[in-house]
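Here is a short briefing to read alongside the model. Please take a look at the fold first, and then we can go through it topic by topic.

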Amino acid sequence: YGALYNYFTVISGKLCPVGWHVPSDEDFNILISFLGGESVAGGKLKETGTLHWLSPNSYATNSSGFTALPGGARTVNGFLYFGNSAGFWSSTEVYSETAWTCSLTNSSNGFSKYNNSDKHDGYSIRV
């Protein structure tokens with residue numbers, strides 16, 4: 001499933017190999033547009049089946065080859081959503097306390113974006 005990182009680690013410059021970067025919000029916008037929009041991009045990004053995703057893993061085709069896994073999240077309330085959600089940091093700050101993230105769930109075809117994710121929370125990254 002990979003590790004969960006806070007935003008401060010995301011922007012440290014130490015996560016990606018030379019020549020790679022954590023996607024910005026604009027990078028995610030380009031990906032979402034290429035895949036047909038927020039309402040259908042999620043299924044094209046999720047690993048198929050229920051080996052890692054909890055049932056029903058609706059609409060999962062992984063036609064993009066992204067193979068998103070449901071690593072969940074870490075918040076002040078502990079570890080949440082493991083098996084039914086994949087959250088990914090962008091490198092784009094919104095306010096001093098928040099940054100953009102994107103999320104997929106096991107029951108949706110969507111790829112949702114959030115501009116209020118607390119920088120101390122833990123989400124996956126994708127380079």
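**Rings, sheet and cores**

The structure holds five aromatic pairs, where rings of Phe, Tyr and Trp (its six-membered ring) pair if their centres lie within 6.5 Å, with planes under 30 degrees apart counted as stacked, over 60 as edge-to-face and the rest as tilted. Please keep in mind that this is a predicted model, in which local features need pLDDT of at least 70 and side-chain atom pairs count only at pLDDT 80 or more, while totals for chains, interfaces and linings use all residues. Residues are numbered from 1 along each chain as its sequence is written, and side-chain values use heavy atoms, with hydrogens and water left out.

**Aromatic rings and charges**

- The rings of Tyr-1 and Phe-82 have centres 4.5 Å apart and planes at 55°, so this pair is tilted.
- That pair links distant parts of the chain, 81 residues apart: Tyr-1 is in the segment before helix 1 (7–10), and Phe-82 is in the loop between strand 2 (78–80) and strand 3. Helices (H or I, at least four residues) and strands (E, at least two) are DSSP runs, numbered from the N terminus.
- Tyr-1 has a relative accessible area of 39% and is therefore partly exposed; buried means under 20%, exposed over 50%, and partly exposed in between (1.4 Å probe, protein chains only).
- Tyr-7, Trp-89 and Tyr-123 are linked into a cluster by ring pairs.
- The charged end of Lys-46 sits over the ring of Trp-53, 5.4 Å from its centre. For such a contact, NZ of Lys or CZ of Arg must be within 6 Å of the ring centre and within 35 degrees of the ring normal.
- Lys-113 lies over the face of Trp-100, at 4.7 Å from the ring centre.

- Three strands, in the order 3-4-5, form an open sheet with antiparallel pairing; two strands pair if DSSP finds at least two bridges between them.
- Strand 3 (85–95) and strand 5 (112–118) are at the edges with a single partner strand each, so one side of each has no neighbour in the sheet.
- On average, neighbouring strands of this sheet are turned by 30° against each other, direction ignored. Axes are lines fitted to C-alpha atoms, for helices over the stretch in contact, and angles run from 0 to 180 degrees between N-to-C directions.
- Seven bridges pair strand 3 with strand 4 in the antiparallel sense, and these strands form a hairpin with two residues between them.
- Tyr-95 has Thr-98 in strand 4 as its bridge partner.
- Strand 4 (residues 98–105) is joined to strand 5 by five bridges, and Cys-102 has Lys-113 in strand 5 as its bridge partner.
- Helix 2 (residues 25–34) lies across strand 3, strand 4 and strand 5, at about 130° to strand 3.

**Cores and buried residues**

- The largest nonpolar core has 13 residues, and Leu-45, Phe-88, Leu-104 and Phe-111 have the most contacts inside it. Such a core is a set of buried Ala, Val, Leu, Ile, Met, Phe, Trp, Tyr and Cys residues joined through side-chain atoms within 4.5 Å.
- Helix 2, helix 3 (38–45), strand 3 and strand 4 each give two or more residues to this core.
- A second, separate core of nine residues includes Tyr-7, Cys-16, Val-22 and Trp-89.
- Ser-103, in strand 4, counts as buried at 14% relative accessibility.
- Among the residues that Ser-103 touches are Ser-85, Phe-111 and Tyr-114, contact meaning heavy atoms within 4.5 Å.

Key. Lists of a residue's contacts leave out its neighbours within four places in sequence.
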